[in-house]
Structure formats: structure tokens, C-alpha cells
Amino acid sequence: MQKRLSILLSLFITSTLLSFGQKQGLGGFSPKTDWEKINTRSINVIYPAGYDSVANRVVNLTNFMHDYKLQSIGSKNSNRKLQILLAPNDLSNSSNVQLGPYMGLIPTTGPQNILNTGGVDWVTQSSIFAYRRALQYSNFNSGIFRIFYWLNGDNGVDILSHTTTPAWFFLGDAAYTQTVLTNGGIGYTPSFYRQQRARILAGKNYSYLQIRNGSYLNVMETPTVYGLSMIEHAREMTGPDVWKDVVKSAARLHGVVYSFSNSVRTNIGCGTSKLYKLTYDSLSQRIANQQSRITLTNKIGFTKTNKRFYEHYSSLQLDEKGQLYALKKPIQKLNRIVQIAPNGKEKSVVLIPTDHCDFFSIKNGWIVWNERRDNPMHKHLDYSVIFTYNLYTKQTRQLTHNSKYFSPSLSKDGFNIATIEKMANFNRSLTILDRKTGDKLESFPIYRGGEAFNPQWSNDSKYIIYILQVDSKIQLVAQDIVKKKIIEITPLSNQMISNFSISPNNTIVFSASYSGIDNIYKTNLYHHDKITQVTSSKVGAYDPVFDQNNNSIYYCDYTHLGAKVTAISKENFFNKEVNIKPLKNNLLNQFTVNKQEKDITCFDFNQKNHKSKYREFWDGIKIHSWGFLYLQNGYGFGIKADDILSNISGEVGYSFDNKNNQGRFYGSLTYGKYPIKGRVGSSIISGEGLSIYKDSIKHVNTYAEVFIPLKWKGRLTENDFDLRASIHHHNFTYEGVNDPFTNEEVLKNADFNALTISSNFKKTREKKRMNLQPKWGIEALAQFQINLNRRNMQQLNLQAKLYIPGFFANDGFNATFSYQQAHYDIFDRFDKIFNDARGYYRINRLDMMMMIPNNMMNITADNLFDKNYTYIGSYNYQIPICYPDFGLGGILFFQRIYANAFFDIQQIRSKPFKEHLYSYGFGLNFDLKIFNDYPVHIGISKGFLSNPIYSAYNGDDSPIMISYKLLNL
């Protein structure tokens, strides 16, 4: 019992530390947005004016599920009204519910790749997913979780839930519900499981700890995928409502850190690790049985397979000369369009950003594709712009700006571009652009008001074919741009259809899930009464294109190391006529459901609800987190509040530093709706150690700050710029302080005003997940501080950091240069904002005074230290050693180990004091996770110091230095 309480106390302390370390971005939406709301019994939907139809659908769906009382997660409906924020201009592909504050965010644009969305419209799927996440929080909100809420608010519960409950349960359960409540949800589609299926067929058996924590080296299925499979297997073993019992007992925190696994063991008969093994044993057997019934088609590998690292090919294209191109996504290098020769050799054509580029088109010497562009000032305001590249001049050009064009496709002559435009008020259109100017030439509404994907021109440029998603079903349709009518090419069904192409004889080849596995099929633009299966693949076949002579089809065959370019000749075509069946009949996962879990998309969710004006200040501000804070050298208490739109943030609190015997009251309020943001605050510090004299003192700091934070992505770079200015009023009250040199009493009170101006800039190359650092990049910082009462009291800080490629794919050099020029007096204390040479402590004014020879002690402090200068150069090289992917009991999991070597040089000058400090050494660094959820970096270095007098390790000239850092918090 005592041990359990001790672990619980430690967990409580950890949660408070982490929860108050989280930060929320400000000003995510345009300040010109007019907000409205629909407030009902179960949900409050906040949305931009003009999106009434979308908001009503979200409200009606949620109210239906609220009344439906889905028992499979527990009997508690959401006991706190969920705030759902619709973000129509956010191009991210995930909706979620968060705590701190309690709210959901649904980006309504949705993915441009239909493989990421399934057969059901994005808003419906996102609404189901979000409300299921709310039900999870509600049913966990009992027992010890309820106590944590009383003590810590939302953030404490959030950290506790993630520490005790694996992410795969939250995501897998939500995706499971999202699937069984529709007839074409993501869990019904074979492409959803392709990575899982591929690695099982390849014999890659990852342990439970490995798949839960992920890997820098190995690409595994996501927690949503294996979580859904584990959810289903447990239902199959013990019944559809077993997880409500698991949640109920897990909320009591039986076993503390392993409470969820213990609850699974109690209610299902095995722990989470065993359940994972049983799930994959069952999947392996089902896949083996299915494979025994499949006759595979013969194929020819076209690209050289990398047998060690993941490399994924997609979007195959053939130009008019018969040359093959593909979009290549390696795990170590930047994405790129490559030209593939007949012998499999590749030539890089143009680099492509990582985010939101799944397709490109090539015709007549031109390549077009779309890229996501961020608004630097508003994180939920994104654009999708079109780029062009000329194969002859090698010039890249941004064709459109502030647009929302997706999946552009060039006409045969290369003059026009067909693209899907997603406009305001949820309107969609098939739009034709001029390739030279980007001007809009013509637009056609999407057939039946549905969603459209991946348009392609016919050979005669009279038709534009695209994938239509409407009423939870999918089909291929052709827009006749001359007669302004639609031709339905394939039947409307809930079977998945993805990338396709058109041969010179008007044969359409496409990927579809008709056989239960994604395969290649063909039909004809003009004679489409018959659909024929072309391939029979182990895992999945995608992105087909006929060769120049119509004798073979190139396609991407999926493996556990990504899709590889493959070819199949006409004589090896499967040539089986397709009889399209409902998607559910072809699944490996036979979903075990209760009476409430059935397709609800057949109901009408378009009823209108009463709406009203959303008052940002009165309706949105929520006090969400509070409680005791455990600090590195003490403790504290704090309260934090934010508003739903992330425009206002405030906190107040108290902390006490045991080491320096200091108490601190603090409070701040930030307003960030507009590009220029503001913050006001105050802190009162009392105790010792606030000056070089280490005596009792009181310091009141009141400040006002304005700042402009900008963050955006360039074509291949990540960029940040931050400009800020602040004015501080300092009031010091000393109590009986005597100067250590003259023994005279120092002034008891001091007031001064200080101005601080600073700027930060960062421009770095995109970093792939195996890279230790960006290949190229620069970071720069400048800060100036001045005492407005004594203008000669000031400090200037400058710093620059350069990133340079190393010798291999994932190593690298970096160098940091820092400079400080400062003038101190008794009452000024401007802190350095960068690190000293490694191994040395911070040399302050008192340290320099103590180095003055005895015969110079008559020199006063004021005329001795007019200015002092600090120069620091830091040089580093780092290289990965191994990727252990090894865990210790669910507490620690080691993902990567890398080595580094360093050399630091520091010079300090302050007349007559001058000192040179050097340090060099090497170290081992560990990237790991604690409690399977929180990434941590630990470094252990052996250093060698030139001047041990200033050693931070008790005079040791060759110390062992240990550092740690919590990441992504």
C-alpha cells in the first residue's frame, strides 16, 4: 500500500510538472472572422459565419450519438459540454479532442488523398471520431481520474490518462466507432491495414513495446491501425461491450502505472502485451488463409529495392516520350520526383516538400503539383498552391497564391491545368487554369455536391475524369467540358477507388478494393459496362499507368518497406471480370458489434438549428488547469486559463525555490488575436540570492510586452521569425546589505525602468525522421537591453547557429557563435540568454571581483567594470550509432543512440580581468521515451577543461557531464 501511494505521489508530481509546461499557440484564426455558434444539450459548435450547413451536420450527428447512448465505452455520456471548433481553412488531416481547455477541433477541408479518408465524407467521420473521444474522457472521469481533476484540472487528467492508458486504445476505439457507425468508414478499407499486412507477410514481428513506442528506423503501422485490430480481437474474444468494463476498472487506477494493462487482464484474461500477441497471431493466420486462396499475378520489379530503409514510390506518370516518373519518399532524404530508366536507375528531377504533396502531373516538358502554404501569423489559416517545373530550363515557379487548389493535372498539350478547388462556404468545383498565368478559365460544380479527388484529362481533352465521393459511396465519373454533362464510368459503391490513368486507347486503369485487397482494374472511357481485374497482389497495388505501347502496366506494389515500382505485361493480366460486392464482405476484420452499433449515415443530419453570435471573450474563456507544481528546486501553485479560439491566455501562481530561499508570486495576461500580440504581467520575488551579495531582498518586476511571432514553411524549409519589445519596471528593496569590499551600507531601495528589444530568426532545411539535424540551416538571435534611468547601463546579445551536412545521410556539423557586451552596476542584472562553454559555471560580477589582485582593491566597482565582453564559439559533430528499439518494463524505451564530439572556446574581458576558457570532449546521447509516451533526451559527455578554477564540477578538469531534456512539451 505504501509503495503504491509512493508511486501515485510521484505520478502526481510528474503530471503537474508536465501539464504546466505545455504551451498553447495564440491567434490561430484571422481576426476578420465573424464567429457564430449552435448551442445544444450535448455540444456547442463554434464556426465561421457562412458554414451553417457543416455546423448543423456536426450538431445533429453529435446529438444523435448522445441520445443513442453507445454502451461499448460505458454508460456515461459527456458530462461536460463539448466545445467543437470548426476550422475550414486548416489543411491538417486530423480532428481531435483535447483537455486544457476541453474542446475539439475539426479541420473541415479534409485530405486530398482519398486513401486517407475512406468512403465517408470527412465531416461525418470527424464528428463521430471527436465525440467518441469525448465519451472516452467522460467514462475515464471517475475514481482517481476524478481526484486528479479536482487537484489539477484538465492538464493533470490529460497527463494521467496518457501515462496510464496507451494511445492505441483512444485512437483505435475512436476509429472503430467511426467505422461501425458508417458503411464505408476508414476501418473497412484494405489500404488502412496495408502496412500491417505487409510487415506480417514479410515476417517482421515487432514486440508490443516496439510498436507502441515507434522507431526512427522502422516504419510501422500507426496506433490507430493496430489499436483498432486489438479492440476488435478483444471484442471477438469476450463480447462487444468488454471495453466499458476495462475503462471502468482502469479509471480506479488499479496498479497505478500499469492500471490499464491490469484492467485488460482482469476483464479480458490477458494483459495488453499478450492481447497484442494474440491479435497478431490471429491476423497472421487469417492473412495466411486468405493468401492460400489467392493466385498471384507474375510481375517484374522495376526499381532497385532498398532492403534496409523505407522508400515509398507513388503517383507514377509517363511523359510523351515514354519516360517513367514517380514521386519518391525516402525515410532519410527529402521527397523528390524521380525519372526511372528502363534498367531501374533513377535520376532526381526536383525536390518536393514533405507535407501535402501526394500527386504530380507531367506533360509536354512541364511538371505541376500542389504544396501546402502556411499563413505565418495564423496557424489555422492554410493554402494549397500550385507549382510548375520546366524540365528544360530547370526552373521552379509558384503559379498560384493564397489558393486552395488540389491534385493539379496537365492537359495533353501542357497548356491547361485541371484541379479541384475547395472554396469558402464548403463549395467544391472542378476548375481549369491557364498553366502560364494561373488564371481561372472555367469551373464545373462537383457532381451531386460531393467531394472530388485526383482529376485526369482524357486524351482528346474533351473530358476530365475524377473520383467522386458522395453519400458514403465512391465512383469514377467524367465531366464532359464541351457538352457540360457527367458520365458515370463505374457503379456507385462503398468500395475504395484511388489513383488512375488513361491510356492512348482510352482504357482507364485504376486501383480499387473490389477483391478485398487493393488491386489494379481496367475499363474504358466510352465502353464502361465491364470492369476487369488486372493484378492479384499480396498487399496492394496502386498508381497504375500503361507503357507507351500499351503492352504493360507500371504500378506501385506495396511492401513493408514502402511501395515499389513494378510492371506487369498483358499476357500476365489477371483478366477476371468484377462483380462488385459490399465492402464489408471482403474484410479480414469481422467487426463484433452490439445493437447500437450500426450504420447511422442513412439518417438525415441536415436539420437546421438555432444559431447565435459567438462572443469571443464571454463565451470562450475557460479556467482549465490548476494545482500544485513540483519544480526542480522547490514547489508552487498555479492557475491557467485560455479561450477556445486561442486569443487570450492567462495564468497566476506562486513558487518557492528551496535552493535560493526565494518566493515568487507571478501573473500574466496575453492577448493574441491580431498579428501584433501583447502581454502584461508582474512578479514579486522575495528572499535571498537575488544579487551578487546573497542577502535578503525584494524585487517587484512589472512589465508590458508586444511581439510578432511568425512561423511558416517554405518550399523545402521551415522558418520562424519573432520580434518583440518589452518595458520592465524594477523595484528592489534591500534589507541591511553591506558592500563586501567597503563594508558600507548599500542603498535600501532602487527603482529603474528597462527596455528590451529582441528578434529571432530561423531558416532550416526540412528534417526527415532519421536525420539528427537539418542538413542546412541558420538560426540567429539579437537582443538589446538598456536601463532607461542610466542609459550607459546596457547589454547586447548576439548569436548565430549554422547547420552543415556531415559525411553520411543522418550525421551533421553545427557551429554556434555568441557575443555579449554588457555594462553592470549594483542594481542592474541582465541575464545571459545563451550557454557558456561546456563544463564551466556562469562567471558573474562577484567572481570577477574576487580575481582582482590585493594591490588593486582600492579601485571601486563603478569605475572598474564599465563594460565587459564575452565571446563563445561552440563546434559540434554528431553521428548515429544504433537504433536499439528496446524497452525496460514500459518505463524506459531506447529509440536511438548517437555520439557527439565538441570543442568550445570562451573569452571573457572586463578591464583588468581577462580569461580564456576551453573545453572539448565527446559523449553518448540517448533518445528515449518514458512511460511509452514522453520523449526524453539524455546526454552523457566526458569533457576536458583548460581552467578548472571555473569548473562547474567542483574544480574537476575532466568532468563527466549529464544533461536531460523533455522533448515536444
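Contact is taken here to mean heavy atoms within 4.5 Å. The structure is a predicted model, in which local features need pLDDT of at least 70 and side-chain atom pairs count only at pLDDT 80 or more, whereas totals for chains, interfaces and linings use all residues. Residues are numbered from 1 along each chain as its sequence is written, and side-chain values use heavy atoms, with hydrogens and water left out.

Helices (H or I, at least four residues) and strands (E, at least two) are DSSP runs numbered from the N terminus. In helix α6 (residues 194–201), Q196, R197, R199, I200 and L201 meet Y276, Y280, L283, S284, I287, Q290 and Q291 of helix α11. The contact of α6 with α11 has 6 nonpolar, 4 polar and 2 charged residues; Ala, Val, Leu, Ile, Met, Phe, Trp, Tyr, Cys and Pro count as nonpolar, Asp, Glu, Lys and Arg as charged, and the others, Gly among them, as polar. Helix α11 spans residues 272–292, and its axis lies 10 Å from that of α6, at an angle of about 80 degrees. Axes are lines fitted to C-alpha atoms, for helices over the stretch in contact, and angles run from 0 to 180 degrees between N-to-C directions. The two helices, α6 and α11, are therefore roughly perpendicular, a class that covers 65 to 115 degrees.

Helix α3 (residues 122–140) has 19 residues, and 19 of its 19 residues are buried. From first C-alpha to last, α3 reaches 27 Å, close to the 27 Å expected at 1.5 Å a residue; the expected span is 1.5 Å times one less than the number of residues. Helix α5 (residues 167–180) reaches 20 Å, close to the expected 20 Å. Of the 14 residues of α5, 12 are buried, so this helix is largely enclosed by the rest of the structure. Among these buried residues are W168, F169, F170 and Y176.

S315 is placed in strand β7 (residues 311–318) and is buried, with a relative accessible area of 2%. Beyond its neighbours within four places in sequence, S315 is in contact with Y325, A326, L327, D358, F359, F360, N499 and D543.

An open sheet is formed by 4 strands in the order β19-β20-β21-β22, with antiparallel pairing. Its edge strands, β19 (451–457) and β22 (485–488), each pair on one side only, and the twist averages 30 degrees from one strand to the next. Pairing requires at least two bridges found by DSSP between two strands. Strand β21 (residues 473–480) pairs with β22 over 4 bridges, and D480 stands opposite K485 in β22.

Terms used:
Parallel < 35°, antiparallel > 145°, perpendicular 65-115°, else oblique. Buried < 20%, exposed > 50% of the residue type's maximum accessible area, 1.4 Å probe, protein only.
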